[in-house]
Amino acid sequence: MSEGRIEGAAALPRNTAQKRRGLNVAARLALPGGLLALGLILPSYMFDRPLRIRARGLGPDAWPGLFLNAIAVIALLWIIAELWALYAEGKRKRAIPVVEQAETYDYSKAAAAICLLLAFGWMLPIVGFPIAATLFILCWCLLGGIRNPVALLLVSALGMLTLLWVFMGLALMPLSRGAGVFDDFSVWFLRLVRIY
Amino acid sequence: MNTFELLGMGFQNAFALWALLTIVTGLMLGVIAGALPGVSFVNAMAMALPFTYSMAPTQAMLFLGAIYVGGVFGGSISAIIINVPGTPASLPACWDGYPMTQRGEVRKALAVAILASAVGGLTSALVLSFAAAPFATFALRFSQPEFFAATILGLISVIAISKDRPLVSLMSLSLGIVIGTVGVDPIYGVARFTFGVPAMQSGINFVVVMIGLFAVSEVIDLIATNRNLRPSNAANANARIRFRDFWDVRGAIARGSGIGSILGVIPGAGATPGAVIAYGIEKQVSRDGDKFGTGIMAGLAAPEAAKNATTGSAMVPLLTLGIPGSAATAIMLAAMMLHGVNPGPLLFLNDPTMVYTIFAAMILANILMIFAGIGVAQFFSTLMKTPPAVLGAFIILLSIIGAYGVRNNIFDVYVCLFFGLVGWGMKRIGFPTAPLVLGVILGPLAERYFMTSLANYNQDWTVFFTRPISGTILGLAAVFAIWSLWPVLQARYRAVVLLLAGRPG
C-alpha cells in the first residue's frame, strides 16, 4: 500500500467507506451546484430598481445575462462531468485519493492571518494608516514567528515610516489619517516626520 | 532622405548627452514604477507629465517613451520574484516565472525575462521605424467589430492556458466577466449588481481584483506554510546562466516578438492581450506545452517578448494617425498636444527629425533596459533574503496602498481584501484564478465593443462575421480554441470509449 492512499474502498469498514464516499460526492458537487444556483438567482438581483429603458436591440442586462446563463450551463456540464467521473471511479473500484500535502499547511495560521487582514481593513479608516500599519506589521511578524523585540520594533516603525515617506511624502497619496482623535494624532505625527 | 538616413540622424540626436540622460532617467523610473504593485507605469507617466512642461517636445517624448518601455518590463520583476504582477501584462510571468523562482532559478528567470523583453522591444522599435506607414493604413480599417473580435481572441486564449480543465477555466472566465459588469453600464448608464451600495456604482477595478487574488492570497499561503523564499536548491541558485538557455528559447522569443508587434498596432489590444495570446500560442507550439505553468522558460520568454513588442508598435497609430491605443499612448498624445505637436501623417513631413529621434530613442531604450532591468532586479532579489513574515507584511501593505491608490477609495481596499480571501480559497481547492482576472480585464472592453458594434450596425450581429478583418480574427479564435481543446477532447473520447467497452483505463 502506498503512503497517503487507501487501497480501495473495500479495505475500509463498509460504513466508513460509504460515509467517505458520500462526503466525496457532496464535496465535488457543492461548488458546481453553488455556481449553478448563482447563475440562476443572480439575474433577478441585477438592478436595484425595475428597468425603465425601452431599448431597441440589446439592453443593459444582455451582456451580464449572457454570462450568467453561461455560468449556469457550465456548472450543469461540470456537475454531469463530476457524476460521470464518480460513476467511472466506482466502476474502476479505484483508490479513494487522499490529498497529499507537499508541505505542511497550518490552517490555524491561515485563519489567524485572515482575521488579522480583516481587522486591519476594519481599523484602517478609524485609526489611520500610521497606527494601523505599525500594528499590522508587528502582529504579522509575531504570527510569522519573529520574537526578537528589537527586530519587531525596528521593522514595524521603520517600515511604516518608509511607506509613509514614499507614498504620502513623495507620491502625495492621501492615505487614511483616521477619524476624530486619531486624525489629530496622524496630522501631528506627519508634521513631526516632516511629511506635512 | 531615406529611412536609414533619417534613422541615422535620429540616433545622432538620441546620443546627445541630454537625450541619453532623459532616456536613462525615464527607464529607471519606469522599471521601478512597473515593479511596484499598484504603482503602475501609467500612473508614473501621468505623474511625470507635468514635469515635461519645461522640456522641449522631443525630450518630453523621449522621457515618456522611456518610462513606457521600462514600465512594461518592470511589472515582470515583481511577478517573477514575489508572484505579484506589477502590471496586468505581467500576469503570464507569474505562471512560469514564479515557479522558476520557487525552484531557486530566480536569476535565470530574470535573465530570460530581461533578454526576451529587450528583443521584443527592439523588434517592435524596428517595426515602428520601417513599417509605420503601411501598418497605419491597415489599422485605419479597424472599427468596433474588429476590436471586439481582437478582444474575443484574447479571451479565447484562456482555453489554451487551462491545461486539461477547460470547463473550470471557462467557469472562472465567466465569473470574471460578470464581476467586470458590476457598476454603471457603458451604453445606457444603468447601475448593475450594486446591491444598493453606492461605492459599487463605479465598478470593480481589475487592478484591485488582481492585487487581491495574487498578492494577498499568496501572502496568506506564505505564512501558513512558513515557506522560505530563499532559493532552496543551492545548485540551481548558483547555476550559471548559459548562452544555451537563451538559445533554447529563441523560437519563443521570435514568436512572442512577432505576435506583440502585430497586436500592438491594433488600438485597444495592447500589452495584456499580447502577452496572454503569446503565452497561449506558445503553449500549443512548444514541445513542453503540457508542462507550462511549472516553470518552463519558453512560457516565460514568449509573453515577455510579446508585451514589450507592443510598446513600439503601439506608437504607430499614435504617431501616424493620432490614435492612442492604450492609456500609456494616450498620455503621450496629451504630452504632444501640450507641446503643440499634432500627430498624424503630416508630422512625418513637417518634423521628421522629431519622429526619427523618437524611433531611435525607442531602439536605444530597449538596449539600455537590459542594464536598468538588471539593476532594479538586483534590488528586488535582495528582498528574497528577508524573513518571509517581514516580506509578507510589506507585500500586504503595498497591496493595500496600491488598491487604495487606484481611486483613493477605502472601498477598493475592502474589495482587494475580499478577493484576497476568494483567491486563497480558489488556490486551496485548485480553482484557476488567471482566467477570472482576464475576464475582469477584458470583459468590460468586449462588452463595450460588442454593444457599440450592434448599435452602429443596426443591431445586425452578422457584422462580426461579414466584415473581412473581424471575420478573419474570429475565425482564428475558433481555430485556436479547437486546436487547444483537441488533445483534451481526444483523451475524453478515448476514456468514454474504454469505459463503455467495459475496460476502464
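Biologist: Is Glu89(A) buried, exposed or partly exposed?

Modeller: Keep in mind that this is a predicted model. Glu89(A) is partly exposed, because 17 other C-beta atoms lie within 10 Å, and buried would take 20 or more.

Biologist: Which helix does Glu89(A) lie in?

Modeller: Helix 2 of chain A, which covers residues 62-92.

Biologist: What does Lys109(A) do in the packing, then? Which residues of helix 3 and helix 4 of chain A meet?

Modeller: Lys109(A) is on the helix 3 side of that contact, along with residues including Ala112(A), Leu116(A), Phe120(A) and Met123(A). Across from them, helix 4 brings in Phe129(A), Phe136(A), Trp140(A) and Leu143(A), among others. By class that contact has 14 nonpolar residues, no polar ones and one charged.

Biologist: How are those two helices oriented, roughly parallel or roughly antiparallel?

Modeller: The axes of helix 3 and helix 4 of chain A cross at roughly 170° and come within 9 Å. Angles over 145 degrees count as roughly antiparallel, so that is what helix 3 and helix 4 of chain A are.

Biologist: OK, switching to the other chain. At what angle do helix 3 of chain A and helix 19 of chain B pack?

Modeller: About 175°, with the axes 10 Å apart; helix 19 of chain B is residues 410-429. That makes helix 3 of chain A and helix 19 of chain B roughly antiparallel too.

Biologist: Which residues make the contact between helix 3 of chain A and helix 19 of chain B?

Modeller: From helix 3 of chain A, they include Ile114(A), Leu117(A), Gly121(A) and Pro125(A). From helix 19 of chain B, you get Val413(B), Tyr414(B), Leu417(B) and Gly420(B), among others. Counting by class, there are ten nonpolar residues, two polar and no charged.

Biologist: Zooming out, how many residues of each chain are in contact with the other?

Modeller: 57 residues of chain A are in contact with 48 of chain B. On the chain A side, helices 2, 3, 4 and 5 each give two or more residues, and helix 2 has the largest share with 14.

Biologist: What about the largest nonpolar core? Which of its residues touch the most other members?

Modeller: Leu64(B), Ala301(B) and Val437(B), out of 207 residues in that core. Helix 17 of chain B, residues 352-382, gives the largest share, 17 residues. Domain 1 (5-97) and domain 2 (107-192) of chain A both contribute residues as well, so the core lies between them.

Biologist: Which residues does Leu64(B) touch, leaving out those up to four places away in sequence?

Modeller: Met45(B), Ala48(B), Thr52(B), Ile331(B), Met332(B) and Ala335(B).

Biologist: Last one: what share of each chain is buried?

Modeller: In chain B, 60% of the 505 residues are buried. For chain A, the figure is 21% of 196 residues.

Technical notes
Residues numbered from 1 in each chain as written. Chains lettered and ligands numbered in written order. Predicted model: local features only at pLDDT ≥ 70, side-chain atom pairs only at ≥ 80, totals over all residues. Helix = DSSP H or I, 4+ residues; strand = E, 2+ residues; numbered from the N terminus. Buried ≥ 20, exposed ≤ 12 C-beta atoms within 10 Å, placed from the backbone. Contact = placed C-beta atoms within 7 Å. Axes fitted to C-alpha atoms, helices over the stretch in contact; angles between N-to-C directions. Parallel < 35°, antiparallel > 145°, perpendicular 65-115°, else oblique. Nonpolar A, V, L, I, M, F, W, Y, C, P; charged D, E, K, R; others polar. Core = buried A, V, L, I, M, F, W, Y, C linked by C-beta atoms within 7 Å. Domains from an automatic or database assignment.
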